[in-house]
Amino acid sequence: VPHPSWANLPDVHWHSVSSSKMLAPMAAVLLMLGKICPVAYEWWFWSKLQHVQALQLAQASECDVLYANEWDGLCIAAAVARRKHIPVIYDAHEDSVGQYQNAGVLKKWLMPTALCYLLAKCANEVSGSITVSSPIAQKLQSEFGLAPIVVLNVPEKAMLSSRKTNPANIRLIHHGVAQRNRRLEAMIETVALCDQRYSLHFML
């Protein structure tokens, strides 16, 4: 559901897809099978109802260009591009494969191989790509033959006037995704050990 301020934008159409997930044991079986039979990674991806629904919506959209957000969006866009010969812009954001380096043992073992296979399979359909830093751009180029434009996810340097911190009210903020491997509870526990001058705020 879009934010109310976006809901009625002209020439913008919103569609929802299922949020259901495959049973974890079945997903793990397909991902393990992919180690010896890589096409199983495709079975795993297309076994998710939301991916099939998104594919159907993309095919029916009759669009001129597909903007693929993240690796899973690229898989869907590439499937449409193969059939309809539509240009694909891939917004990789960060390092999709590397994001699992701090995940649990099973995900760390299974997911990078799956993503590498899927990205390699889809790379030929990409007409242009974007990422957030030069090292990631270099990695995408060396591993998948892409040539991303770097769009920094921080603003250009600006001169700001200094502002003194109130020593009696020190506010700390975490801005990011709430994920288990980021251990947000450690920040809460740490601030709880501080005196009352410190407060912690989350922007999730």
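**Pockets, sheet and helices**

The second largest pocket holds about 450 Å³ of space. Here a pocket is an open set of points, on a 1 Å grid over the protein atoms alone, with protein on both sides within 12 Å along at least five of seven lines, and lining residues have an atom within 4 Å of a point. Grid points are joined across faces, edges and corners, and a volume is the space filled by probe spheres set on the points. The model is predicted, so local features need pLDDT of at least 70 and side-chain atom pairs count only at pLDDT 80 or more, while totals for chains, interfaces and linings use all residues. Residues are numbered from 1 along each chain as its sequence is written, and side-chain values use heavy atoms, with hydrogens and water left out.

The lining of the second largest pocket consists of 19 residues, and A54, L57, A58, L66 and I76 lie nearest its centre. At least two lining residues come from each of α3, β1 and α4, with α3 giving the largest share, 6 residues. Helices (H or I, at least four residues) and strands (E, at least two) are DSSP runs, numbered from the N terminus. By class, this lining has 12 nonpolar, 7 polar and no charged residues; Ala, Val, Leu, Ile, Met, Phe, Trp, Tyr, Cys and Pro count as nonpolar, Asp, Glu, Lys and Arg as charged, and the others, Gly among them, as polar.

The largest pocket has a volume of about 1600 Å³. Of its 43 lining residues, Q99, Y100, K107, M111 and Q179 are the closest to its centre. Two or more lining residues are given by each of α1 (24-33), α3 (49-60), α4, β2 and α5 (105-122). The lining divides into 17 nonpolar, 17 polar and 9 charged residues.

The open sheet has 4 strands in the order β1-β2-β3-β4, with parallel pairing; two strands pair if DSSP finds at least two bridges between them. β1 (66-69) and β4 (149-150) are at the edges with a single partner strand each, so one side of each is left without a neighbour in the sheet. Between β1 and β2 (residues 88-93), the parallel pairing runs over 4 bridges.

Across β2, β3 (126-131) and β4 lies helix α6 (residues 134-144), which runs at about 150° to β3. Axes are lines fitted to C-alpha atoms, for helices over the stretch in contact, and angles run from 0 to 180 degrees between N-to-C directions. α6 also supplies the largest share, 4 residues, of the lining of the largest cavity, a cavity being a set of points where a 1.4 Å probe fits but cannot get out. The volume of this cavity is about 50 Å³.

How do helices α2 and α4 cross, and at what angle? The axes of α2 (residues 39-46) and α4 (residues 70-84) come within 12 Å and cross at roughly 100°. α2 is therefore roughly perpendicular to α4, a term used for angles of 65 to 115 degrees. W44, F45 and W46 of α2 make the contact with W71, D72, C75, I76 and A79 of α4, where contact means heavy atoms within 4.5 Å.

Notes. Angles under 35 degrees count as roughly parallel, over 145 as roughly antiparallel, 65 to 115 as roughly perpendicular and the rest as oblique.
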